[in-house]
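I hope they are handy to have beside you as you look through it.

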Amino acid sequence: MTTYSAARLQGISVFVQAVDAGSFTAAGLRMGLSKSAVGKSVATLERRLGTRLLDRTTRRLALTVEGAEFYQVCRRILAELDEAESRAASRRQEPAGMLRVSLPVAFGQRWVMPILVALAQRHSGLQLDVSFTDRAVDLLEENIDLAVRLGTLAESSSLSARALGHQHSVICAAPAYLAARGVPHDMADLAGHDCITFGRQGHALPWSTPGPDGTVVRHRIQGRHRISDGEALRSALLAGLGIGEATTWLVGEELRSGELVGVISADSTPSGPIHAIWPTTRDLAPKVRAAVDALVDAFLPVPPWEDSRLVAP
């Protein structure tokens with residue numbers, strides 16, 4: 001492995017600054033060096049490389065072909081070094097200050113809030129400001145440090161994201177309801193049942209079943225009831241109000257205990273990713289980094305709510 005001395009790295013930095021500034025004089029002013037010191041540093045670099053990097057004139061500096069290629073590589077390396085130093089420094093800092101978080105209502109209360117509470121208990125300087133909503137808030141507009149999103153993300157150059165796993169859903173009902181109304185074995189059988197759909201922005205979300213070759217088939221359901229809150233949907237299913245589709249993070253415990261029973265398919269169906277998102281910044285604040293790391297540790301590689309043992313009656 002090649003050893004890079006401080007002098008070698010300094011020579012590369014001086015060369016990049018000279019190109020960016022447009023002259024040895026301007027580069028010297030930026031770096032606190034004399035014009036001659038900048039010129040000597042670049043000349044030493046050229047001798048070591050055995051090639052001319054800059055064509056000098058009395059008015060300007062011009063990159064040679066070799067110099068242009070070398071400049072692009074050096075600039076990227078220096079930027080990566082700066083980023084590495086910033087990350088290392090931020091990890092040494094204690095998470096502190098106000099952490100403003102936006103969470104989806106049911107998922108946030110059930111799974112994210114306990115992680116944030118534990119994080120705040122470990123770091124006495126950290127303050128939580130947590131809001132709950134199922135709408136996609138504008139993080140920059142509403143001054144949010146961190147959000148958790150369910151479903152596919154829209155592309156945005158102003159936001160960074162970390163995957164936290166995937167949701168899975170299952171069509172299920174209470175045993176008492178199935179005993180009274182019968183067990184549906186395919187989607188066509190639902191025509192004779194009371195279906196409970198989940199509402200969002202005035203519309204019922206489609207249900208999903210596993211399709212051939214790992215695909216997912218979406219079904220529009222004409223439900224008798226529509227509920228727009230996850231915990232309320234769970235309560236209605238447990239009460240035997242009807243058959244509904246719910247995520248395993250919402251009803252996984254009830255499926256394992258037998259309080260709810262999966263129907264139509266013995267397997268859960270992928271129903272969208274889960275992400276932590278935050279405004280893109282060069283130096284991620286320690287409080288945000290600590291929260292994201294805590295979520296990753298809790299949800300990956302296997303989330304605590306996930307269980308594939310969903311057996312149809």
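1. S3 and S5 run parallel, paired over two bridges; strands count as paired if DSSP finds at least two bridges between them. Helices (H or I, at least four residues) and strands (E, at least two) are DSSP runs numbered from the N terminus.

2. Before going further, please keep in mind that this is a predicted model: local features need pLDDT of at least 70, side-chain atom pairs count only at pLDDT 80 or more, and totals for chains, interfaces and linings use all residues. Residues are numbered from 1 along each chain as its sequence is written, and side-chain values use heavy atoms, with hydrogens and water left out.

3. S3 (residues 97-103) also pairs with strand S4 (residues 126-132), again in the parallel sense, over seven bridges. One of the bridge partners here is Phe132 of S4, which faces Leu103 in that pairing. Together with helix H5 (residues 105-122), S3 and S4 form a right-handed β-α-β unit; right-handed means that, with the strands pointing away from the viewer, the path from the first strand over the helix to the second runs clockwise.

4. Two backbone details deserve a look. Asn143, in the loop between S4 and S5 (146-150), has a positive phi near 55° although it is not a glycine. The peptide bond from Leu300 to Pro301 is cis, with omega near 5°, and Pro301 sits in the segment after helix H9 (286-299). Most residues other than glycine have a negative phi, and most peptide bonds are trans.

5. On the overall layout, the protein has nine helices and 14 strands. Its radius of gyration is 29 Å, well over the 20 Å from the globule rule for 313 residues, so the protein is more spread out than a compact globule. That radius is taken over C-alpha atoms, and the rule is 2.2 Å times the number of residues to the power 0.38. Along the principal axes, the C-alpha atoms fill a box of roughly 95 × 45 × 40 Å.

6. The domains are domain 1 (7-89), domain 2 (97-165 + 272-299) and domain 3 (168-269), with bounds from an automatic or database domain assignment. The centres of domain 1 and domain 2, taken over C-alpha atoms, are 40 Å apart.

7. Where does the largest pocket lie? Domain 2 and domain 3 both give residues to its lining, so the largest pocket lies between them. It holds about 1,200 Å³ of space and is lined by 45 residues, with Leu150, Gly151, Gln167, Arg200 and Leu205 nearest its centre. Strand S6 (residues 159-173) gives the largest share of that lining, five residues. By class, the lining has 23 nonpolar, 16 polar and six charged residues. (Ala, Val, Leu, Ile, Met, Phe, Trp, Tyr, Cys and Pro count as nonpolar, Asp, Glu, Lys and Arg as charged, and the others, Gly among them, as polar.)

8. For the pocket and cavity search, a 1 Å grid covers the protein atoms alone: a cavity is a set of points where a 1.4 Å probe fits but cannot get out, a pocket is an open set with protein on both sides within 12 Å along at least five of seven lines, and lining residues have an atom within 4 Å of a point. Grid points are joined across faces, edges and corners, and a volume is the space filled by probe spheres set on the points.

9. The whole structure has one cavity of 30 Å³ or more. The largest cavity holds about 50 Å³, and its lining residues include Ser169, Pro210 and Asp267. S6 and strand S9 (207-210) each supply at least two lining residues.
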